[in-house]
Amino acid sequence: MTAKTFLPAVDAIERQWLVVDAAGQHLGRLASVVANLLRGKHRPNFTPHLDTGDFVIVINAEKVQVTGRKSSQKLYRRNSGRPGGMKVETFSHLQARLPERIVEKAVWGMLPHTRLGRQQYTKLKVYKGALHPHAAQKPAPFDLSTVLGGQP
């Protein structure tokens, strides 16, 4: 008799809504935890080719921190697609203008760049302040200190 690998049914996957507070957290550590929650790697029924992850709401995105001189040296590039259309912005400028985009880009960089990764990325909701419009989903707070081992 050969062992059979358990494969969860797609419609039987139960997804939770989790709230992660980014206030005072380091960007890379926060993004890696959020990416693992979106992929479902914290669940016992994790399957690499299925979307078994949870919905994640990140609040207080403007209070995320970086170490060293990254606030003035880290660059975010985007291109309009036209010749000479590249726009470059530092971390501090983007944090003042659109702090949600910093967290979104960091998490997207840690997800697979495939159809599955794009599907998982749609379950990420990032907000600048402490308020979010997802109270009807009854999101549970997620304590980052359990994963990061007491790191800020």
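User: With which residue does Arg 97 form a salt bridge?

Analyst: This is a predicted model, in which local features need pLDDT of at least 70 and side-chain atom pairs count only at pLDDT 80 or more, while totals for chains, interfaces and linings use all residues. Residues are numbered from 1 along each chain as its sequence is written, and side-chain values use heavy atoms, with hydrogens and water left out. A salt bridge here is a side-chain nitrogen of Lys or Arg within 4 Å of a carboxyl oxygen of Asp or Glu. With its closest N and O atoms 2.9 Å apart, the partner of Arg 97 is Glu 89.

User: Which strand holds Arg 78, the residue whose side chain also meets Glu 89 in a salt bridge?

Analyst: The side chains of Arg 78 and Glu 89 meet at 3.4 Å, N to O. Strands (E, at least two residues) and helices (H or I, at least four) are DSSP runs, numbered from the N terminus. The pair links distant parts of the chain, 11 residues apart, with Glu 89 in strand S4 (residues 86-90) and Arg 78 in strand S3 (residues 75-79).

User: Is Lys 123 buried or exposed?

Analyst: Lys 123 forms a salt bridge with Asp 51, the closest N and O atoms being 2.5 Å apart. Buried means under 20% relative accessible area, exposed over 50%, and partly exposed in between, using a 1.4 Å probe and protein chains only. Asp 51 has 7% relative accessibility and counts as buried. Because its relative accessibility is 3%, Lys 123 likewise counts as buried.

User: Which residue is linked with Asp 51 and Lys 123 in a network of salt bridges?

Analyst: By the rule given above, the count comes to five salt bridges. Asp 51 and Lys 123 belong to a network of them, and the other residue linked there is Arg 15.

User: How wide an arc do the buried residues of helix H4 cover around the axis?

Analyst: In helix H4 (residues 99-108), the buried residues are Pro 99, Glu 100, Ile 102, Val 103, Ala 106 and Val 107. An α-helix has 3.6 residues a turn, so residues three or four places apart point the same way. The arc is taken from the directions from the helix axis to the C-beta atoms. These residues lie on the same side of H4, because their arc is only 160°.
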